[in-house]
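What follows is a walk through one protein model, going from single residues to the chain as a whole. Please keep the sequence and the structure in view while reading.

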Amino acid sequence: MKNGIVRFAALYVFNVVVLLLIGWLSPGVSVGLNALWASVILTLAALVLKPLLTRVFRGMAARSAADRTRAGEKVVQYLLVYLVELIIWVAVVWFSGVRAHGFWSYVLPPLLLLLGWVVYDLVDDRLRAKTGELYDVVRSKISGRASDH
């Protein structure tokens with residue numbers, strides 16, 4: 001359970017930052033404090049929906065793999081990953097206070113999400129270790145107080 005909580009917390013904080021950057025960098029996108037709720041949706045989507053959609057799309061791509069070259073296969077993989085990010089972005093817009101107006105507000109954010117999650121993968125181990133330390137400190141303080149009473 002600790003691993004799940006730590007993973008959720010680390011990804012949540014990172015997603016808040018990414019959403020704020022999306023709101024700042026993407027024309028037609030308004031995030032603001034809605035980043036706090038939108039990050040819950042984005043984090044759940046990253047942990048549940050993203051792996052599911054990725055498996056479905058990879059399965060579809062694998063069936064037509066015989067017709068592609070190696071370079072073509074990479075293009076298809078990148079397009080599928082972008083499609084997953086687009087679906088997740090639309091879910092975030094629908095279920096949170098994030099507002100997107102215009103073509104670029106739906107095209108650019110999935111690219112920024114993809115870039116953000118690449119960065120997250122690079123710093124994931126350190127971020128989880130730090131979040132795990134904080135989790136342990138809070139848990140020890142809570143259990144220490146409970147035993148004092």
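A residue is called buried when its relative accessible area is under 20%, exposed when that value is over 50%, and partly exposed in between. The model discussed here is predicted. Val-31 has a relative accessibility of 4%, so Val-31 counts as buried. Val-31 sits in the loop that runs between strand E1 (29–30) and helix H2 (35–63). Once neighbours within four places in sequence are set aside, the contacts of Val-31 are Leu-19, Gly-23 and Val-98.

Of the 149 residues in the protein chain, 32% are buried. Contacts between residues at least 6 apart in sequence can be sorted by separation, and 76% of them join residues at least 24 apart.

Glu-85 is part of helix H3 (residues 70–95). Is this residue, Glu-85, buried or exposed? Its relative accessible area is 0%, and therefore Glu-85 is buried. Apart from neighbours within four places in sequence, Glu-85 is in contact with Lys-50, Pro-110, Leu-113, Leu-114 and Trp-117.

The next topic is aromatic rings. A pair of such rings is described by the distance of the centres and the angle of the planes. How many aromatic pairs does a search of the whole structure find? The search finds three. One of them joins Phe-8 and Tyr-12, with 6.3 Å from centre to centre and 15 degrees between the planes, and this pair is stacked. Phe-8 and Tyr-12 are four residues apart in helix H1 (residues 2–25), so about one helical turn separates them. Phe-8 has a relative accessible area of 26% and is therefore partly exposed.

Another pair consists of Phe-14 and Tyr-120, whose ring centres are 5.3 Å apart; with 55 degrees between the planes, the pair is tilted. Phe-14 and Tyr-120 are both buried.

Helix H4 also holds a charged pair. The structure has one salt bridge, in which the side chains of Lys-130 and Glu-133 meet at 3.7 Å, N to O. Because Lys-130 and Glu-133 are three residues apart in helix H4, about one helical turn lies between them. Glu-133 has 46% relative accessibility, so Glu-133 counts as partly exposed.

The last topic is the surface. The protein chain exposes about 9,500 Å², and carbon and sulfur atoms supply 69% of this area. Which residues form a nonpolar patch on the surface? They are Val-17, Leu-21, Trp-24 and Leu-25, and together they have about 450 Å² of accessible area. Leu-21 is in helix H1. With a relative accessibility of 40%, Leu-21 counts as partly exposed. A patch residue must have over 30% relative accessible area.

How values were computed:
Residues are numbered from 1 along each chain as its sequence is written. This is a predicted model: local features need pLDDT of at least 70, side-chain atom pairs count only at pLDDT 80 or more; totals for chains, interfaces and linings use all residues. Side-chain values use heavy atoms; hydrogens and water are left out. Rings of Phe, Tyr and Trp (its six-membered ring) pair if their centres lie within 6.5 Å; planes under 30 degrees apart count as stacked, over 60 as edge-to-face and the rest as tilted. Helices (H or I, at least four residues) and strands (E, at least two) are DSSP runs, numbered from the N terminus. Buried means under 20% relative accessible area, exposed over 50%, partly exposed in between (1.4 Å probe, protein chains only). Contact means heavy atoms within 4.5 Å. Accessible areas come from the Shrake-Rupley method with a 1.4 Å probe; for residues, only the protein chains shown count as cover. Patches are made of residues with over 30% relative accessible area and no salt bridge: like charges are joined within 9 Å, nonpolar side chains (Val, Leu, Ile, Met, Phe, Trp, Tyr) within 5 Å. A salt bridge is a side-chain nitrogen of Lys or Arg within 4 Å of a carboxyl oxygen of Asp or Glu.
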